[in-house]
Amino acid sequence: MASPSPGRERAGCGPVRTDPQRGFDERRREQRERLLASELPLFELESWPGNVRRAGWGGPPDRITHVSVGFYDEPETPPVVSVTTVADEAGHEDRMRGRLLDELSGRNLNERIGPFASPEAIREALDQARDEMRAQNWTTTTIRIDGRDHDGYAFRDRRGSAAYCAVGDLSVTIEGSSDVDYRLRTLADRARLIPAV
């Protein structure tokens, strides 16, 4: 009995995948289409002079619930600041604050433990950083988006800053460097951050 040709279907098994790169490219195209079609607004820092690109996104299979825009000094480095639009977190300030603190806790770990730390040392350093940040006092702040002021909360210290506010039924969060300016504008050209594949 001859085996099926590449790309043909075997009985009850679906198509035979012979090109992993093709499958990867298809998934990337689908992700790009979903991101371009998403109704979540994307925001950029008004005063950022460096590189900007999509930093992350996610949600259940049927819709996107959060998208992050990253601001970089150099293209291949971690983001200096991330601005995230989040759906489904209205009324869940503890969850939002926890997520922001987790993000900030992971920054600058190499300064604490060095580049060749054991997994246990990394976990311990992260736990310590989270505990230190949970002791921070959040203060009221104003986040300016498209020329309008939104009441929010923030904290700043030498390790970084985190802020968030409500925009309608969405939340906007900002985390990163301690000197970030909380003035944002809607990103008009989504495709600029979501490159074609």
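Modeller: Thr-141 stands opposite Gly-152 in strand S8, and Gly-152 in turn stands opposite Cys-165 in strand S9. This is a predicted model, in which local features need pLDDT of at least 70 and side-chain atom pairs count only at pLDDT 80 or more, while totals for chains, interfaces and linings use all residues. Residues are numbered from 1 along each chain as its sequence is written, and side-chain values use heavy atoms, with hydrogens and water left out.

The strand S8 covers residues 148–157 and runs antiparallel to S7, to which seven bridges join it. Strands are DSSP runs of E with at least two residues, helices are runs of H or I with at least four, and both are numbered from the N terminus; two strands pair if DSSP finds at least two bridges between them. S7 and S8 form a hairpin with two residues between them, and Asp-146 in that turn has a positive phi of about 50°. On the S9 side, six bridges join S8 to S9, again in antiparallel sense, and this hairpin too passes through two residues.

A salt bridge here is a side-chain nitrogen of Lys or Arg within 4 Å of a carboxyl oxygen of Asp or Glu. Arg-144 is partly exposed, with a relative accessible area of 34%; buried means under 20%, exposed over 50% and partly exposed in between, with a 1.4 Å probe and protein chains only.

Leaving aside neighbours within four places in sequence, Val-83 is in contact (heavy atoms within 4.5 Å) with residues including Phe-43, Leu-45, Val-67, Val-172, Ile-174 and Leu-184. In soluble globular proteins, nonpolar side chains tend to be buried together.

A search of the whole structure finds five salt bridges. One of them pairs Glu-46 with Arg-183, the closest N and O atoms being 3.5 Å apart. This pair links distant parts of the chain, 137 residues apart, with Glu-46 in the loop between S3 and S4 and Arg-183 in S11. Arg-183 also meets Asp-181 in a salt bridge of 2.6 Å, N to O, and shared partners join Glu-46, Asp-181 and Arg-183 into one network. Each member is partly exposed: Glu-46 has a relative accessible area of 31%, Arg-183 of 34% and Asp-181 of 30%.
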